[in-house]
Amino acid sequence: MSQLQGILTRLKNLQEQSNSGEPAQRYFEVNGERKCQVTFHPKTETFELEVYNDKEKPKRYQFDNIDMITIEIFDLIQ
């Protein structure tokens, strides 16, 4: 399985976990270092990406397209 497909699968699982109506979260790491956190908000059907940078405040981005956030995460963990 390609890395892109793996990310997409994890995001789809995140959507399924949020069926209770509560936001669901997942972290993406590289060599044990957290690169980002994704939260899926089922009420608005949007993803929130929180990107961790060394010595900087985390930055947050909103996505309503699963493909776009998949590509963004792929770029972050490369």
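Two parts of this structure are in contact when heavy atoms of each lie within 4.5 Å. With that in mind, welcome to a predicted model in which 4 strands form an open sheet in the order 1-2-3-4, with antiparallel pairing. Strand 1 and strand 4 stand at the edges with a single partner strand each, so one side of each is left without a neighbour in the sheet. On average, neighbouring strands of this sheet are turned by 20° against each other, direction ignored.

**How the strands join**

- Strand 1 (24-30) and strand 2 (33-41) run antiparallel and are joined by 7 bridges.
- These two strands form a hairpin with 2 residues between them, and N31 in the turn has a positive phi of about 50°.
- Within this pairing, A24 stands opposite F40 of strand 2.
- Strand 2 and strand 3 (46-51) also pair in the antiparallel sense, over 6 bridges.
- Strand 2 and strand 3 form a hairpin too, with 4 residues between them; here E45 in the turn has a positive phi of about 55°.
- Strand 3 and strand 4 (59-63) pair in the antiparallel sense over 5 bridges.
- In that pairing, E48 has Q62 of strand 4 as its bridge partner.

**How the helices sit on the sheet**

- Helix 1 (3-17) packs on the sheet, where it touches strand 1, strand 2 and strand 3.
- The direction of helix 1 makes about 160° with that of strand 1.
- Helix 2 lies across strand 1, strand 2, strand 3 and strand 4, and runs at about 15° to strand 3.

**A closer look at helix 2**

- Which residues of helix 2 are buried? In this helix, which spans residues 66-76, they are I66, I69, T70 and I73.
- Why are these residues on the same side of helix 2? They are on the same side because they cover an arc of only 105° around the axis.
- A general rule is handy here: an α-helix has 3.6 residues a turn, so residues three or four places apart point the same way.
- The buried residues of helix 2 pack against helix 1 as well as strand 1, strand 2, strand 3 and strand 4.

- T39 is found in strand 2.
- Is T39 buried or exposed? Its relative accessibility is 5%, and because buried means under 20%, T39 counts as buried.
- On the strand 3 side, T39 stands opposite E48.
- What does the side chain of T39 make a polar contact with? The partner is the side chain of Q37, at 3.4 Å.
- Leaving aside neighbours within four places in sequence, T39 is in contact with P23, A24, Q25, T46, F47 and E48.

Definitions and conventions. Residues are numbered from 1 along each chain as its sequence is written. This is a predicted model: local features need pLDDT of at least 70, side-chain atom pairs count only at pLDDT 80 or more; totals for chains, interfaces and linings use all residues. Side-chain values use heavy atoms; hydrogens and water are left out. Buried means under 20% relative accessible area, exposed over 50%, partly exposed in between (1.4 Å probe, protein chains only). The arc is that of the directions from the helix axis to the C-beta atoms. A polar contact is a pair of N or O atoms within 3.5 Å; within protein, one must be able to donate a hydrogen and the other to accept it, and residues adjacent in sequence count only if both atoms are side-chain atoms. Two strands pair if DSSP finds at least two bridges between them. Axes are lines fitted to C-alpha atoms, for helices over the stretch in contact, and angles run from 0 to 180 degrees between N-to-C directions.
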